[in-house]
Amino acid sequence: MKLRKQVTVCGGAIFCVAVFSLYLMLDRVQHDPARRQNGGNFPRSQISVLQNRIEQLEQLLEENHQIISHIKDSVMELTDTGAVSPSGHLPFRSANGSWVLPFDGRPTFLAVKPQDCQLASGSHSQADVQMLDVHSILKFDNPDGGVWKQGFDITYEPDEWDSEPLQVFVVPHSHNDPGWIKTFDKYFTDQTQHILNNMVVKLAEDPRRKFIWCEISFFSKWWETADAPKQEAVRKLVLGGQLEIVTGGWVMTDEANAHYFAMIDQLIEGHQWLERNLGVTPRSGWAVDPFGHSATMSYLLKRANVTSMLIQRVHYSIKKHFAATRNLEFMWRQSWDAGSNTDIFCHMMPFYSYDVPHTCGPDPKICCQFDFKRLPGGRINCPWKVPPKAVVDANVAERANLLLDQYRKKSKLYRSKVLLVPLGDDFRYDKALEWDQQYTNYQKLFDYMNSHPEMHVQAQFGTLSEYFDAVYKAYDVAQGARPPDYPVFSGDFFSYADREDHYWTGYFTSRPFYKSLDRVIESHLRGAEILYSLAVANARHVGMEGRYPVSDYALLVDARQSVGLFQHHDAITGTGKENVATDYGNKLLRALVGLKRVIINAAHFLVMKNKEFYRFYQTEPFLETDDRRATQDSLPQSTLIELDPTGPRYLVLFNPVEQERLSVVTVLVNTVRVRVLTEDGQTLPVQLSAQWSSASQMSAEVFEAAFMVRLPPLGLAVFHLYDSPDSPMTLRSDTVLRLSGRSVTARAADPLPVRSQQSDPQTFYVSSQSLTLGFSGATGLLESIRRKDDPQEVKVQMQFVVYGTRPSKDKSGAYLFLPDGKAKPYNQKEPPVVRVVEGPLFSEVVAFYQHFQQTIRIHNVPGVDGLSIEITTLVDIRDQTNKELAMRLVTDIQNGDVFHTDLNGFQMQPRRHHLKLPLQANVYPMSSQAYIQDSHHRLTLHTAQALGVASLETGQLEVIMDRRLMQDDNRGLGQGLKDNKKTANRFRLLLERRSTGNKMMDRETTSFPSILSHMTNSFLNHKVLALPVLPKRRGIPPLQTFAPLKSILPCDFHLLNLRSIQSQDPQSPSPHSALILHRLAMDCGLDAPNLGFNCTTTQGQLSISGLFKDLDLQLLQPMSLTLMHSSTPLANDSTISLDPMEISAFKLKLR
């Protein structure tokens, strides 16, 4: 009643003001002295102006009247139904035009202890060799080095080995790509199975023969087809030290584009397989083919208890520098490690390639003569025109001395008198003949060398770990320990060039469609693992595991292996043949469909209020998926929720993030009469928008309903959707089409108003409670950002630019980026159509261009979701030739030549733009974010897919969005990149203000995101899944929110995975789960706004037993990262402790 009176009074007041204004205006016209001089005769034009004014005023009064009556109706309806939004207010527009929302008003707090920020401000790595310094001092020139083209002449004194003979370990290997020129299955059938079959026979012939193997994806497939005696023979070879499994991951992962979640997961998958089938634990890492190397990989290997590692593809100038300073072997330390906990012994191969011509020593012409697969009469020969000779008594002395000279020269590049000589290449040893050629000829050479003491050499076949062990023994240090005087290195090895200015920076973007799909599936895999583990534990807890589809575990295993396979360095990199990319796509899509099923089945069980009513039917799912993909290369279509007046539809929302989440969720509905209620019957504000089929065509059947939700961490919340006549809480978006004089008109479906207007070059703005964005009237693209707490508007100008490729013979391809100079602005003749949508929950601006369509959206909600800008760029360059499209941000941030890119979503790496390097050398991989900063601001671009990034001038940040290239770039692929897809690249742009104390703190070598930045990235990469409950004839049993956490997780903890552990039967789980936690390091020198959830830190302390609601913790055991090494179990009520940046794994038994 009170509200009704207030409304009436307000309406009356407005009416009075309007009438009084009209009176004043008429009065002013009558008393205007200038007009009197005209003898009171008004010119016609002025009378018409006056008439217009009066008409406008009448119109305003009429609109005013409508608004008042609408408010009145709303109030009536509200008081009649008794349904009130959480705080009893309606959304309304404030004086500045921004919407003010009813909000549940729950206070949130940020309690980050200063100690938890110390990594960002404290001491850091004391490394002898820091990659940023190496980049600064090197000229990156390319003088001719003689036989070692990219190096220098190596000389030695003949008596150098008299007191300590040279120990040589020749390590036979076969590099098997799980997909590249052929698909994974075709390679297996044609080559890999024969390699492994021959291995069993040929190694058994002589106990001195050795072999190493890396890719478990292939090995496991072969093992399944091997009979019991063959499997036993393999176990014997492993036990006897003739066969070593190196790294032991599912694949030899790419290190530029891969996200650390997937890098860890494929390592666990391989190691779990080895534990179950062979009982071996890999000790040494072997990465000869990834195109550049990341410090994340060395950290993960260290956490998996691997003691030594080897790398190969490093920029030739850096190899030369490390060789000249004898730093090719070093302790690799993380840049943020102030101690030496993260040190791992690393061996860098010195020459061009891992093939035989480039591994025995500096002269490929000589080394090629010792690749006995190339003996005359075979299918491959030596390009240097001197063929190998079979070793016989007559030539063994000459051959052995020639080879020893190479060994000695190579040895001079290292500090120890122990030498590693790999012997292999891609898919080698697939024929029995090659095993005989290599092993018998080398054995003759070794026998000769070892029987001539005056040669001062001990040569033999060895495994990788035998080599490393000999180095440790030579220095009398423990396995994996730092030998005296060996350098400590910190940094990474991007970007890679193998010769001239051929930088491998194109593959950071190649085939972005699949890079994006990969991350969607990773988020689903993590979500499915967590929900499955929780559902099975809850089912055990209530004695219902017999009724739960535990067999879904097989779907998880399939997805783990498909995601693992895609981390291979020719898969996520986009550097395989077209049919191979399609094959990966089909495997990924199958995995995604399976994961959605796991999530739906777990959610079904977990949201049942009374578990007695739970019934699982394989053919009749309880929930629908949030979206569907028609084919492996199509974009997802959201599921339509069909409402009808007979009753509600239920919607289950899954929040995969480990913190409470305040978010805007959008679903598709079939009516504008939509009302959304929480589980306890509170009506939520809904913003209703059109579903657009083109720039100006909207659907009359399908609408978008957006509403704000608060979701429990890792939880499932239930909402009710009704088809009900106008709810005052359901507001329609205000849509304007900005058109440039052409005849496109908006086809407005009746229920939703759309206005068209002539575009003009003036800047226009959209606002939320946190941000005001300026857009160019001419281009429809972003121009500026202003945070509400910052008086200063920051220029952030969005541009699109295009790179061509060189006219010379060397052109860009799947691997290489070889641009024809600086980028040119993207131009199109027609000005774009720009659509501006504004409303209480979100506002967005969509600009339509021929080759891309960009949507920039801001959410009008408190907390993380409302503090950054959501950017979706739909790219389609299928009609282009040798073009690369880039999105460039031009700002007035004074970052100089320094910018920061992430490594694998795990850590930030400072970069420096070098003018002495070509443009393509200044491009770096960005898996999850990049930022530029000065003393006032930090601008972070978060990404949902790996892409190449650069900062070519101060204040700029640019991302290569897609590349279409018509030719091969001579790295073995034999194809260009012509299978482009329509791709949606998703980002979040976050502008943060740096607080004053931070000015002097910019470290050369370390930098960290803020807590807001970490959460923004998490929100972007882990979308809320909206799962509609399928209507049932029998009715829906009561559902309730599932909130698994009993206590809030400290906000610097990221729950990386809760992964059900295998039993002896690979298709079913054991009662154990692996809890993998990452403690984030954060920079607290950025203003911390309201995050929308309670954020506290605990100096790395966490009680696991107090974490999960309604479950008993029956085991808490610290493990190595891949679960192969276990420590003593802790008391169940123990508190665990993690250092900043630490990733730790624990084996849990929950029930």
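Contact, in this tour, means heavy atoms within 4.5 Å. The model is predicted, so local features need pLDDT of at least 70 and side-chain atom pairs count only at pLDDT 80 or more, while totals for chains, interfaces and linings use all residues. Residues are numbered from 1 along each chain as its sequence is written, and side-chain values use heavy atoms, with hydrogens and water left out.

**First stop: two helices**

Select helix α16, residues 512-541, together with helix α17, residues 553-566. Helices are DSSP runs of H or I with at least four residues, strands are runs of E with at least two, and both are numbered from the N terminus. The two helices pack at an angle of about 150°, and their axes lie 10 Å apart. Axes here are lines fitted to C-alpha atoms, for helices over the stretch in contact, and angles run from 0 to 180 degrees between N-to-C directions. The angle makes α16 roughly antiparallel to α17, a term for angles over 145 degrees.

Next, display the side chains where the helices meet. From α16, select Tyr514, Asp518, Ile521, Glu522, Leu525, Ala528, Glu529 and Tyr532; from α17, select Tyr553, Leu556, Ala559, Arg560, Val563 and Phe566. These residues divide into ten nonpolar, no polar and four charged (nonpolar: Ala, Val, Leu, Ile, Met, Phe, Trp, Tyr, Cys and Pro; charged: Asp, Glu, Lys and Arg; polar: the others, Gly among them).

**Second stop: Glu269**

Move to Glu269 in helix α9, residues 260-277. Glu269 counts as buried at 8% relative accessibility, where buried means under 20% relative accessible area, exposed over 50% and partly exposed in between, with a 1.4 Å probe and protein chains only. Leaving aside residues up to four places away in sequence, Glu269 touches Trp250, Val557, Arg560, Gln561 and Arg1059.

The whole structure holds 61 aromatic pairs (rings of Phe, Tyr and Trp, the last by its six-membered ring, with centres within 6.5 Å; planes under 30 degrees apart are stacked, over 60 edge-to-face and the rest tilted). Select Phe372 and Tyr442, an edge-to-face pair at 5.4 Å centre to centre with 80° between the planes. This pair links distant parts of the chain, 70 residues apart: Phe372 is in the loop between α12 (364-367) and α13 (396-411), and Tyr442 is in helix α14, residues 432-450. Phe372 is buried, with a relative accessible area of 0%, and Tyr442 counts as buried at 1%.

Finish with Phe494 and Phe508, whose ring centres are 6.2 Å apart with planes at 85°, so this pair is edge-to-face. Phe494 and Phe508 are both buried.

How values were computed:
Parallel < 35°, antiparallel > 145°, perpendicular 65-115°, else oblique.
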